[in-house]
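Colleague: Before we talk, could you put the model on the screen, please?

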Amino acid sequence: MAQVEATTERIIAADAETVFDTLADYSGTRGKLLPEHFSEYEVREGGDGEGTLVHWKLQATSKRVRDCLLEVTEPTDGQLVEKDRNSSMVTTWTVTPAGEGRSKAVVTTVWNGAGGIGGFFERTFAPKGLARIYDAVLANLAAEVEK
């Protein structure tokens, strides 16, 4: 099984602390940032960064729905890591300063892909599709913090 990775990033016209705090607010803002690919959003424990347990379903394609139960950690300043209890998927959000009143938000998701021909198609198409989904999340995040 090869590891599959999808990454997307955006410069946001807000300071890094504001952007990070908005991302880490699972009980408030985070649910509002999610596009139509996410459903059944529910905070089960915590709600603010480290120690949060959050559930959602991610519909990556018309036929592919992933049931996610994510444990949130903050291994370093400006970083949120969401580890899925139901799969090998790990999503890392990193927010860093990018000049006066600006920040760079990067989201990277990795997981162990399938083998064989299905794995080939997964490695070829899944990263682009997931990057599009997370680009929408970053666009919604920018809209939220740039108001």
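What follows is a conversation about charged side chains in this predicted model.

Colleague: What makes the contact of Glu82 with Arg30 a salt bridge?

Modeller: The closest N and O atoms of Glu82 and Arg30 are 3.0 Å apart, and because a salt bridge needs a side-chain nitrogen of Lys or Arg within 4 Å of a carboxyl oxygen of Asp or Glu, the pair is given that name. The pair also links distant parts of the chain, with Glu82 in strand β5 and Arg30 in helix α2, 52 residues apart.

Colleague: Why is Glu82 called buried?

Modeller: Buried means under 20% relative accessible area, and Glu82 has 1% relative accessibility, so Glu82 counts as buried.

Colleague: Why does Lys147 count as exposed?

Modeller: Exposed means over 50%, and Lys147 has 74% relative accessibility, so Lys147 counts as exposed. Lys147 forms a salt bridge with Glu144, where the closest N and O atoms are 3.5 Å apart, while Glu144 counts as partly exposed at 25% relative accessibility.

Colleague: How many salt bridges does the structure hold?

Modeller: The structure holds 7 salt bridges, among them the pair of Glu82 and Arg30.

How values were computed: Residues are numbered from 1 along each chain as its sequence is written. This is a predicted model: local features need pLDDT of at least 70, side-chain atom pairs count only at pLDDT 80 or more; totals for chains, interfaces and linings use all residues. Side-chain values use heavy atoms; hydrogens and water are left out. Helices (H or I, at least four residues) and strands (E, at least two) are DSSP runs, numbered from the N terminus. Buried means under 20% relative accessible area, exposed over 50%, partly exposed in between (1.4 Å probe, protein chains only).
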